[in-house]
Amino acid sequence: MIITICVNDIQKDFMVNRQQRILDAITIIVENGEMDIKLEGLAYLLSQKKQIQINTQLTFMEAGVYQGDTLIIGGTSHE
């Protein structure tokens, strides 16, 4: 499925596996140089669609994150 990740008003779309843990997917994005996200202490992010905080230890399916959702990571960029 495709989701959007937003950090400091920078938005990018990513293809992720619904069975994958959210933090694992974000770690791969950072390791591939796609976005600059501080992973240390990243326990929650905001689902724009659901307007609730999502635990990054859950899979996308467990967290109820679906195609087209935007996940907002606040205050975690290195900028």
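Predicted model: local features only at pLDDT ≥ 70, side-chain atom pairs only at ≥ 80, totals over all residues.
Residues are numbered from 1 along each chain as its sequence is written, and side-chain values use heavy atoms, with hydrogens and water left out.

**Stop 1: the overall view**

Show the C-alpha trace. Along the principal axes, the C-alpha atoms fill a box of roughly 30 × 25 × 20 Å. Switch to a surface. The accessible surface comes to about 4600 Å², and 48% of it belongs to carbon and sulfur atoms. Areas come from the Shrake-Rupley method with a 1.4 Å probe; for residues, only the protein chains shown count as cover.

Colour by burial. Of the 79 residues, 39% are buried. Buried means under 20% relative accessible area, exposed over 50%, and partly exposed in between (1.4 Å probe, protein chains only).

Now consider contacts (heavy atoms within 4.5 Å). Among those with a separation of 6 or more, 56% are between residues 24 or more positions apart.

Colour by charge. The protein has 6 positive and 10 negative charges, and their mean positions are 7 Å apart. Lys and Arg count as positive, Asp and Glu as negative; His and the chain ends are not counted. Each charge is placed at NZ of Lys, CZ of Arg, CG of Asp or CD of Glu.

**Stop 2**

Select residues 2-7 and 10-15. These are β1 and β2, antiparallel strands joined by 6 bridges. Two strands pair if DSSP finds at least two bridges between them. Pick C6 in the viewer; Q11 in β2 stands opposite.

Move to the turn. The hairpin has 2 residues between its strands. Select N8, in the loop between β1 and β2. Its phi is near 50 degrees, a positive value in a residue other than glycine. N8 counts as partly exposed because its relative accessibility is 39%.

Select D9 next. D9 is also found in the loop between β1 and β2. Its phi is near 65 degrees, again positive in a residue other than glycine. Is D9 buried or exposed? D9 is exposed, because its relative accessible area is 75%.

**Stop 3: β3 and its two partners**

Select residues 44-47, strand β3, and residues 52-55, strand β4. The two run antiparallel, with 4 bridges between them. They form a hairpin with 4 residues between the strands, and Q51 in the turn has a positive phi of about 55 degrees.

Now pick L46. Which residue of β4 does L46 stand opposite? L46 faces Q53 there. In β5, L46 stands opposite I72.

**Stop 4: the loop between β4 and α2**

Select T56, found in the loop between β4 and α2. T56 is buried, because its relative accessible area is 0%. Show its contacts, leaving out residues up to four places away in sequence. T56 touches R21, I22, L23, L42, A43, Y44 and L45.

Step along to T59, in the loop between β4 and α2 (60-63). T59 counts as buried because its relative accessibility is 16%. Beyond residues up to four places away in sequence, T59 touches R18, Q19, Q20, R21 and I22.

**Stop 5: Q20**

Follow the contact from T59 to Q20. Q20 lies in the loop between β2 and α1 (22-31). At 23% relative accessibility, Q20 counts as partly exposed. Leaving aside neighbours within four places in sequence, Q20 is in contact with A25, I28, L58, T59 and F60.

Finish with a distance. Select the C-alpha atoms of Q20 and L71, residues 51 apart along the chain. They are separated by 15 Å.
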